[in-house]
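Keep the view open as you read, and take the points in order.

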Amino acid sequence: MGSDSQLEYVDEFGMVGPRPITDGQRQPLAVDETTGPEVGTRLPDFTLQSAGGDTVSFHEHRGNEKAAVVFFRSAVW
Amino acid sequence: MTQLVELQAAMPKFAEAGIRLYAISYDEIGALQAFAESHDITFELLSDDGSKVIREFGILNHHVTEEQVPFHGIPFPGTYLVDEDGVVTAKSFHRSLAQRQSPEGLIDAALGELLLRPDEPTTAAEGDSGISFALTYHGGNGIIRGGTMRELVLSVDLPDGLHIYDEPVADGMVATTFTLAGPTGLRSLPVRKPPTETLDLPGVGPLQVWSGRVDFVMPVWATAEIASLLRDDNPDSVTIEVVVDYQACTDKACLLPQRERLSLEVAVGAYVGPALRGSGMRGADETTMDTMKWIGAMVTRGLETTSDPDAAIAYLEQGRQAASFDE
């Protein structure tokens with residue numbers, strides 16, 4: 001490391017390297033990056049298995065209610 | 001993860017607002033079931049194993065390459081809010097991984113209003129000529145945590161006849177600014193201001209003013225300096241300090257510019273880490289946060305990772321030794 005000083009980062013254990021994935025300074029979503037379906041458009045439908053064991057088809061499942069759809073990285077790590 | 005636990009804690013608020021909640025990740029179904037059981041999750045946790053929906057939406061984090069098992073397949077984290085017709089009314093995608101909208105912020109966005117709650121930490125101050133200020137820590141039930149956004153809401157109540165200014169102002173006048181002064185480690189995004197009214201004064205020109213009740217909203221989040229995932233000596237609370245500069249005027253005369261300082265103590269919440277061991281992890285045999293940090297560190301440092309669990313464990317051990325040496 002050290003060839004690119006902008007990437008240099010010393011973590012809590014004193015080890016030097018690029019900013020780790022968990023570092024808040026890291027900005028993986030560039031300004032010009034897409035964030036998927038746009039405001040004003042219908043959210044594309046999807047069908048997925050739920051932790052409760054159901055097959056959930058989004059628009060059918062929510063009925064006529066408002067909804068929040070949260071994409072998160074992982075429930076494991 | 002913290003985000004999911006916070007969403008669960010806010011389920012009564014979502015129900016009250018008539019908003020159904022869905023959360024999607026690339027995790028295998030078994031991992032989601034284990035997580036739902038250990039954290040009593042009652043909203044829909046959906047498994048997009050293979051990241052098909054994530055790709056279709058166009059939000060696959062393409063900075064993570066296919067070789068970077070197990071991280072390949074994650075999305076850019078974010079939230080869509082849809083109305084009764086299924087049309088997207090708002091999106092919440094932040095540039096930094098450490099910024100996730102608080103549940104209360106999502107509800108506000110879905111309803112299109114700022115719903116301050118009586119149990120949120122708040123402090124008040126009296127300013128110039130009967131102007132009153134209140135600073136409220138909005139979201140997360142008053143608790144500060146790493147990884148989720150909160151909002152500092154500055155409410156200004158102006159007596160009839162007085163107004164304050166937005167930028168730009170004429171020379172010698174002071175526009176209203178709301179800035180974060182502390183603590184170290186609390187970061188903010190630009191303040192959201194309500195719409196102004198135009199006041200056209202002869203000889204001064206058109207000015208942008210607020211009158212009555214004005215709510216300024218500053219999104220904030222805690223970095224590891226306040227609430228680290230890895231330290232167990234986080235403070236119990238921190239004091240948030242803000243500075244408000246303003247100048248109040250009537251249509252005829254201006255008062256002197258003023259500075260108001262407000263501070264608010266908020267509790268620091270414990271980090272919510274994985275409660276699982278050995279469940280659902282792709283290609284590794286330990287799933288605690290500290291081991292994941294080291295696997296993550298290996299990934300970002302371009303080292304061979306989970307195709308060789310022994311090498312991963314050796315590297316983790318090296319990290320642990322470095323940690324204990326440091327102490």
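Predicted model: local features only at pLDDT ≥ 70, side-chain atom pairs only at ≥ 80, totals over all residues.

1. Residues are numbered from 1 along each chain as its sequence is written, chains are lettered from A and ligands numbered from 1 in the order in which they are written, and side-chain values use heavy atoms, leaving out hydrogens and water.

2. What is the partner of A:Phe71 in an aromatic pair? B:Phe57 is, in a tilted arrangement with 5.2 Å centre to centre and 50° between the planes. (Rings of Phe, Tyr and Trp, the last by its six-membered ring, pair if their centres lie within 6.5 Å; planes under 30 degrees apart count as stacked, over 60 as edge-to-face and the rest as tilted.) B:Phe57 counts as buried too, at 4% relative accessibility. A:Phe71 lies in strand β5 (residues 66–71) of chain A and B:Phe57 in helix α4 (residues 52–57) of chain B, so this pair joins two chains. Helices (H or I, at least four residues) and strands (E, at least two) are DSSP runs, numbered from the N terminus.

3. Over all chains, the structure holds nine aromatic pairs. In another of them, the ring centres of A:Phe58 and B:Tyr22 are 5.1 Å apart with planes at 80°, so the pair is edge-to-face. It also joins two chains, because A:Phe58 lies in helix α1 (residues 58–62) of chain A and B:Tyr22 in strand β1 (residues 19–25) of chain B. A:Phe58 is buried at a relative accessible area of 0%, and B:Tyr22 is buried at 0% as well.

4. Now turn to chain B, where an open sheet of three strands has the order β9-β13-β12, with antiparallel pairing; strands pair if DSSP finds at least two bridges between them. β9 (164–165) and β12 (197–201) of chain B stand at the edges with a single partner strand each, so one side of each lacks a neighbour in the sheet. Two bridges join β9(B) to β13 (residues 205–210) of chain B, and B:Ile164 stands opposite B:Trp210 in β13(B).

Definitions and conventions:
Buried < 20%, exposed > 50% of the residue type's maximum accessible area, 1.4 Å probe, protein only.
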